Amino acid sequence: MEKNIAVIWGDCSSPEIVKQTLRVLDKVAEKYGHTFHYTDAAMGGEAIDKYGDPLPQHELDKCLAADSVLLGAVGGPKWEGLPGEQRPEKGLLRLRAGMGLYSNNRPAKIWPQLAPASPLKPEIVAEGIDFIIVRELIGGVYFGKHETYTLENGEKQAVDSMPYSEHEIERIGRIGFETAMKRRRKLCCVDKANVLDTSRLWRAVMHRLQAEYPEVEYSEMFVDNCAMQVVKDPSQFDVIVTENMFGDIISDEASMITGSIGMIPSSSLGDGTRGLYEPIHGSAPDIAGKDIVNPTACILSAAMMLRYSFGMAEEADAIENAVNKVLDKGLRTADNMSEGCTCLGCTAMGDAILAEI
Ligand code: IPM
Ligand code: MG
């Protein structure tokens with residue numbers, strides 16, 4: 001097969017992980033007889049430096065013209081002082097919205113080899129950690145009205161609104177149910193229905209969908225309780241469906257209990273097969289340029305791209321099996337290192353994964 005991939009190299013330590021990921025994709029292409037064409041697209045800090053805009057239309061167009069998009073991570077201290085509209089993160093939000101990617105899938109699955117790196121007690125980890133967070137990605141408070149204004153008494157006030165309409169909830173709710181049907185058939189809607197109107201509307205829409213999926217064991221949980229349950233008994237979860245900001249927060253927490261945020265990939269999809277694939281971690285400015293960042297989450301994101309956008313299941317398995325073998329050999333990076341293992345840098349970890357494909 002021939003595929004066009006738009007590549008957003010990202011900021012700070014991100015280009016280091018993207019470089020290793022493209023090496024892995026090239027190896028897969030060679031082994032399975034595919035051709036991947038890469039088109040660089042600038043977004044985030046890189047685009048601000050080049051064009052004074054975190055996502056100019058011509059760069060978004062490159063992503064829209066591709067079969068899928070691979071992204072490292074954007075942002076860093078250099079751009080932190082900029083106003084909200086011009087920050088690197090705004091580029092990411094505009095990319096997600098511009099591509100219509102309302103469904104963000106973030107697997108929280110522990111690799112058994114990394115159990116010692118989990119901050120949870122061994123007896124909790126032993127129960128199993130294997131769930132998916134289905135996060136709504138282009139609605140809610142991220143895309144509501146943001147405003148700072150001055151009151152009559154001279155005091156400043158700010159407001160961020162959190163709108164959700166029924167069709168936005170329904171399409172992500174359906175992804176939640178469909179994802180559960182392919183797994184252990186348990187779906188938990190995470191919200192704050194004791195306080196928020198948006199959450200109450202979510203529940204009403206979810207109840208309508210529930211009637212279409214009688215095989216799914218459906219439950220609801222307040223987000224504060226969910227934050228607690230994720231560390232107390234993560235084995236209870238199969239699929240969590242939730243709004244944008246709750247998903248952002250719970251997915252960081254969920255990644256941590258699996259041993260390292262450096263291992264978790266993600267997919268973002270809309271109605272078609274074109275997606276955006278990115279690790280859930282940030283651009284790690286503190287370790288940029290040191291060749292010590294973990295490239296695995298980005299490499300696993302590429303595996304998700306092969307599986308979900310290109311229908312290349314065998315090729316995706318090949319990458320995931322390679323990561324598994326590398327972990328079996330006790331090879332680690334600084335973020336998930338534990339006693340008795342060997343700590344590799346970014347390039348060496350890329351080499352190790354390549355060698356297993
Ligand atoms: C994520 C990130 C982004 C988000 C930031 C960089 C805007 O934290 O992908 O989880 O909040 O969605
Ligand atoms: Mg986040």
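Here is a short tour of the domains, their interface and the ligand site.

## Ground rules

This is a predicted model, with local features needing pLDDT of at least 70 and side-chain atom pairs counting only at pLDDT 80 or more, while totals for chains, interfaces and linings use all residues. Residues are numbered from 1 along each chain as its sequence is written, chains are lettered from A and ligands numbered from 1 in the order in which they are written, and side-chain values use heavy atoms, leaving out hydrogens and water.

## Where they meet

On the domain 1 side, 10 residues are in contact with 16 residues of domain 2; contact here means heavy atoms within 4.5 Å. Together the domains bury about 1200 Å², with 64% of that on carbon and sulfur atoms. Buried area is the accessible area (1.4 Å probe) that two parts lose on being put together, summed over both.

## Around ligand 1

Ligand 1 has E89, L92, R96, R106, R135, Y142 and D248 around it, each with a heavy atom within 4 Å. An oxygen atom of the ligand is 2.5 Å from a side-chain N or O atom of Y142. For R96 the corresponding distance is 2.7 Å, and for D248 it's 2.8 Å.

Technical notes: Polar contact = N/O pair within 3.5 Å; in protein donor to acceptor, adjacent residues only side chain to side chain.
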